[in-house]
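Take a look at the model below. The text after it goes through a few of its parts in turn.

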Amino acid sequence: MKKWKKCACVIMVLSLVQGISVNYDAVNAVSIPVPTVTVSTASVKKSPSTVKLNKTSEKLVVGKTDTLKATVTPSGSYNLTWTSSNKKVVTVDSNGKLKAVGKGTANVTVKTSNGKSAVCMVSVITQNEAYIEEVVRLVNAERTKRGLNKLVINSRLANASQKRAVETSKRLSHTRPSGKSFSTVLDEYGIKYSITGENIAYNYYTASEAMEGLMDSKGHRDNILNSKFKYLGVGLYEEDGIKYLVQLFT
């Protein structure tokens with residue numbers, strides 16, 4: 001009995017082993033997928049090597065705007081930072097748009113994320129200063145058309161002209177409020193001269209309108225086109241919305 005039982009146990013084990021064998025055949029029949037690995041090459045973003053502005057200097061009149069353009073090499077889409085060294089003179093937005101706020105000078109800088117930068121020096125002048133500059137330009141344009149020498153701006157003569165502009169708001173005459181001739185203002189500023197002339201204009205809103213009025217008057221036109229004059233000073237004073245313009249020639 002004991003031997004038979006022992007053999008029975010052996011037979012049972014063999015049966016179990018045979019069953020396992022069948023299961024292995026079933027497992028081997030199943031196909032196991034091989035994972036596919038996709039390799040991609042990432043694009044490398046280039047860093048800017050230089051940045052340049054379309055202008056290195058700019059002059060604006062208070063209240064006026066302009067836009068600077070930055071060129072980055074190599075070309076691409078970059079984050080740029082714009083700053084002004086003096087926001088009381090000029091402001092700049094994220095697109096490089098300038099706005100003149102007050103008289104003075106300021107540096108506007110554009111910078112890339114990796115520190116490359118470019119600078120534009122911005123000068124801001126007042127509307128009256130712009131008016132005066134345009135008058136000077138138009139005077140010399142009239143002289144150049146006729147083959148005459150351009151007049152040179154003299155700082156002392158300009159200061160004397162500015163004083164006369166203020167005086168003409170009190171007394172619109174070539175005679176000063178003191179009763180003296182206009183030419184005495186040249187002595188006050190230490191200006192030496194052998195010949196001099198003065199033009200007065202008032203209530204002209206623009207420089208071109210003022211010059212048109214002066215050129216339409218023979219006496220004023222003769223001063224503007226006098227070949228003996230070498231220097232020019234221009235003064236402008238505004239009171240109660242009226243502009244008083246003075247030109248002094250020597």
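Asn-199 is found in strand β11, which covers residues 197-202. The model is a predicted one. Is Asn-199 buried or exposed? Its relative accessibility is 2%. Buried means under 20%, so Asn-199 counts as buried. A polar atom of the Asn-199 side chain lies 3.1 Å from the backbone oxygen of His-220. Beyond its neighbours within four places in sequence, Asn-199 is in contact with several residues, including Leu-214, Gly-219, His-220 and Asn-223. Leu-245, Val-246, Gln-247 and Phe-249 are also among them.

Next comes strand β7, residues 97-100. In a regular strand, side chains alternate between the two faces of the sheet.

Which strands pair with β7? One is β3, residues 65-67, which pairs with β7 in the antiparallel sense over 3 bridges. Here Thr-65 has Lys-99 of β7 as its bridge partner. Another is β6, residues 90-92, which also runs antiparallel to β7 and is joined to it by 3 bridges. Here Val-92 has Leu-98 of β7 as its bridge partner. Strands β6 and β7 form a hairpin, with 4 residues between them. Gly-96 sits in the turn and has a positive phi of about 85°.

Now turn to charged side chains. How many salt bridges does a search of the whole structure find? The search finds 15. One of them joins Lys-59 to Glu-133, with the closest N and O atoms 3.1 Å apart. Lys-59 lies in strand β2 and Glu-133 in helix α2, so the pair ties together parts that are 74 residues apart in sequence. Lys-59 is partly exposed, with a relative accessible area of 46%. Glu-133 counts as partly exposed too, at 37%.

Glu-198 pairs with Arg-164, and their closest N and O atoms are 2.7 Å apart. This pair links distant parts of the chain: Glu-198 is in β11 and Arg-164 in helix α3, 34 residues apart. Glu-198 is buried, with a relative accessible area of 5%. Arg-164 counts as buried at 0%.

Arg-176 forms a salt bridge with Glu-167, the closest N and O atoms being 2.9 Å apart. Both of these residues are buried. The two pairs belong to a network of salt bridges that links Lys-163, Arg-164, Glu-167, Arg-176, Glu-188 and Glu-198.

Note on methods: Residues numbered from 1 in each chain as written. Predicted model: local features only at pLDDT ≥ 70, side-chain atom pairs only at ≥ 80, totals over all residues. Heavy atoms only, no water. Helix = DSSP H or I, 4+ residues; strand = E, 2+ residues; numbered from the N terminus. Buried < 20%, exposed > 50% of the residue type's maximum accessible area, 1.4 Å probe, protein only. Polar contact = N/O pair within 3.5 Å; in protein donor to acceptor, adjacent residues only side chain to side chain. Contact = heavy atoms within 4.5 Å. Pairing = 2+ DSSP bridges. Salt bridge = Lys/Arg side-chain N within 4 Å of Asp/Glu carboxyl O.
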